[in-house]
Amino acid sequence: MIRVQNLVKKYGDFTAVDDISFDVSQGEIFAFLGPNGAGKTTTIKMLTTLLKPTSGTVELDGLNPAVDHTEVRKRFGIVFQDPSLDDELTAYENLDLHCILYKVPRKVRKERIQRLLTLFELWDRRHDPVKEFSGGMKRRLEIARGLLHTPKILFLDEPTLGLDPQTRNHLWTHVQKLNQEENVTVFLTTHYMEEADRVAQRIAIIDHGKIVAQGTSPELKTNTSSETLEQAFLALTGSSIREESVGGVDRLRQMSKMWRGSRR
Amino acid sequence: MNAIYVLWIRQLKRYVRSRARIVGSLGQPLLFLVALGFGFGPVFQKAGQGNYIQFLAPGVIGMTILFSAVFSGIELIWDRQFGFLKETMVAPVPRIAIMIGRTCGGATVALAQGVIVILICYAAGFRSTNLASLPFALLFMALIALMFTAFGTAIASVLSDFQAFQLVMNFLIMPMFFLSGALFPLLGVPRALQIVAAVNPFAYGVDGMRAALIGGTAHFGAPLDLAVLSVITALLLALGSYLFSRIQL
C-alpha cells in the first residue's frame, strides 16, 4: 500500500531524511518510531503530498504523491502532530468543514460527527469556538476530525501526545476497529513504546534520518536481546537526548524558509 | 464546488465574529475622511476644485478595500502558522479550488468593508450624483477587492512570516495608495507622478469608482479603467493560483 525507496529530503546541506526504504502492505498497522528530529514528520509530509522529496520514489496505492496529488489525497486521512484547527470556528463547524472537503455524504455527516464527538467527549461543547478549548480538548477534536472519513490509509503523527490514558485507549481501540473492520492501513508515529507494542504489526525505527531497524516487535526485541520495546529502542538509538538536533533541524528549516521568503 | 463554498463561508464567519477587526478597520477611513476631508476642504474649494469630500470619498472607499483585501490575502500566512492551511492542503480538493474559495471569501469581506465605508461617507456629507450608476461603483469595488486579495495571496504564498509582510505594506501597498490619485486630482501633477499613477492598478480602481459615483471627473475614463482592472485581476488570480499551488509545508 505504501512503498518507499531510497527516499531523501535535504534542506540545504542538512539531510533530514537519508535514503530510507520500506514497505507497508494493505491492512497493516505500521509504527514509525524515532527520537525527536529523526525525520518522522518530514517522511509523513512527503507521503502526504505536503513536501516534495529531494530524491527517491514514493508510492501510495500505486500512485506518486508528488505527481497525482488529488488522487493520492483521496486515499488517506491524517492526524497532524501540531495543531491544524480553525480556532475561530466551533468544534462542530471544524468537523463539518472537514466532511465537506472530504465529500462525506450529507446524509451520514451529522450522525458521524455526533458519534465521534461523543466518543471523544466533546459533544456538549460542539457549539463553542475552538479557541476556548484546552490543549487536550483541541487534540481530541483533531483526532475526531481525522477519523471522520474512512480512508484507505490513515496517518497518525504522534496522535496521543498530551492525551490522558482514557482518551489514548479510546483512540487505539477505535483505530484497531477501523483496521479490522474496514481494512484501513495505518501508519503511525508515537513516543509511547507500549502503544506501538500494543497496536503495531510491524515497526521501523528511524534515527538521524536513517532507518536503523525494521521488523515485528518480538523480532526487534530478540535482535537487541531486550525485554521490552523501549529497551530495544534505546539499544538501537542510544540514550542521548536529541533536543539539540531538533533545534538544529528547526533552525535550518527556518533559515531555508527565511531565505525563500526574503528572496526578491 | 462545495469546497469553494465552504472556504468562502469560513472567511465570512471569521469576519463577522471578529468585531474588533470590523471596528478597527473602519477607524482609518474615518480618520482620513475627517482629517483630510474637512481639513483640506476649504483649500480645495478655494482652488476652484469644488467639494473635497465629494472628491475624496471614492478614494477612501478604495483605500478601505485595498487594505482589507491585501490583509485577507495575507491571512494565508496566519493559517500557515496556526496550521489550518495543512488541513486544507491535504484534502482531496484541487488547490485551485482552495485558492478560489479563499480569494472569493477575502474579496467579499473587503467589499463588505467598502460598503460600510460608503455609508460612513454618506454620513459625512458625501452624495453620489448618479445613484443609477451605483452598480457600476460596486463592480469597480468588487474588482479592486478581487485583484488585491489575489495579490495578497500571491505574496503570502512565498512569504512565511509577518515581518516580511510589513515590508510589503510599506513599500508596495502604501505607495500604491498615496500615488494613485485617491487623495488629489492627477490632472496637473508633475509628469513623473502621472506616469507612476498610470502604471498603478489601484489608480484605475479609484478612477473607475469616481467615474461611477460622481461622474464627469474621471482621469483615465471608465472603459479604460474597467479594461485595465479586469486584465490585471485575471493576471493576479493566475499568478496567485500558480504560487499557491507550489506551496510546500
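Axes here are lines fitted to C-alpha atoms, for helices over the stretch in contact, and angles run from 0 to 180 degrees between N-to-C directions. The helices themselves are DSSP runs (H or I, at least four residues), strands are E runs of at least two, and both are numbered from the N terminus.

Contact means C-beta atoms, placed from the backbone, within 7 Å.

A word on the model before going on. It is predicted, with local features needing pLDDT of at least 70 and side-chain atom pairs counting only at pLDDT 80 or more, while totals for chains, interfaces and linings use all residues. Residues are numbered from 1 along each chain as its sequence is written, and chains are lettered from A and ligands numbered from 1 in the order in which they are written.

Helix α9(B) also packs on α10 (residues 222-245) of chain B, where the axes come within 9 Å and cross at roughly 140°. This pair is therefore oblique too, but here α9(B) passes α10(B) in a left-handed crossing. From α9(B) come B:Pro201, B:Tyr204, B:Gly205, B:Asp207, B:Gly208, B:Ala211 and B:Ala212, and from α10(B) come B:Ala222, B:Asp225, B:Leu226, B:Val228, B:Leu229 and B:Ile232. That contact splits into 9 nonpolar, 2 polar and 2 charged residues.

Another packed pair in chain B is α5 (residues 95-123) with α6 (residues 134-158), at an angle of about 130° and with axes 8 Å apart. That makes α5(B) oblique to α6(B), and the crossing is right-handed. Contributors from α5(B) include B:Met99, B:Arg102 and B:Gly106, and those from α6(B) include B:Met141, B:Ala145 and B:Thr153. The class count is 9 nonpolar, 5 polar and 1 charged.

The largest nonpolar core has 143 residues, and B:Leu66, B:Ile144 and B:Ala145 touch the most other members. A nonpolar core is a set of buried Ala, Val, Leu, Ile, Met, Phe, Trp, Tyr and Cys residues joined through C-beta atoms within 7 Å. Leaving out residues up to four places away in sequence, B:Ile144 touches B:Gly62, B:Ile65, B:Leu66, B:Ala69 and B:Gly205.

Between the chains, the contact takes 26 residues from chain B and 27 residues from chain A. On the chain B side, α1 (2-17) and α4 (84-89) each supply at least two residues, and α1(B) gives the most, with 7 residues. By class, that side has 14 nonpolar, 5 polar and 7 charged residues.

In chain A, A:Val175 sits in helix α6 (residues 165-182). With 22 other C-beta atoms within 10 Å, A:Val175 is buried; the cut-offs are 20 or more for buried, 12 or fewer for exposed, and partly exposed in between, with C-beta atoms placed from the backbone. A:Val175 touches A:Val186 and A:Val199, not counting residues up to four places away in sequence. A:Val175 and A:Val186 are 11 residues apart in sequence and 8.1 Å apart in space, C-alpha to C-alpha.

Finally, backbone angles. Most residues other than glycine have a negative phi. A:Asn6, a non-glycine residue, has a positive phi near 50°; A:Asn6 lies in strand β1 (residues 2-11) of chain A and is exposed, with 12 other C-beta atoms within 10 Å. A:Lys103 is not a glycine either, and its phi is positive at about 55°. A:Lys103 is in the loop between α3 (91-101) and α4 (106-119) of chain A and is partly exposed, with 14 other C-beta atoms within 10 Å.

Technical notes:
Parallel < 35°, antiparallel > 145°, perpendicular 65-115°, else oblique. Left-handed = near helix turned anticlockwise from the far one by under 90°. Contact = placed C-beta atoms within 7 Å. Nonpolar A, V, L, I, M, F, W, Y, C, P; charged D, E, K, R; others polar.
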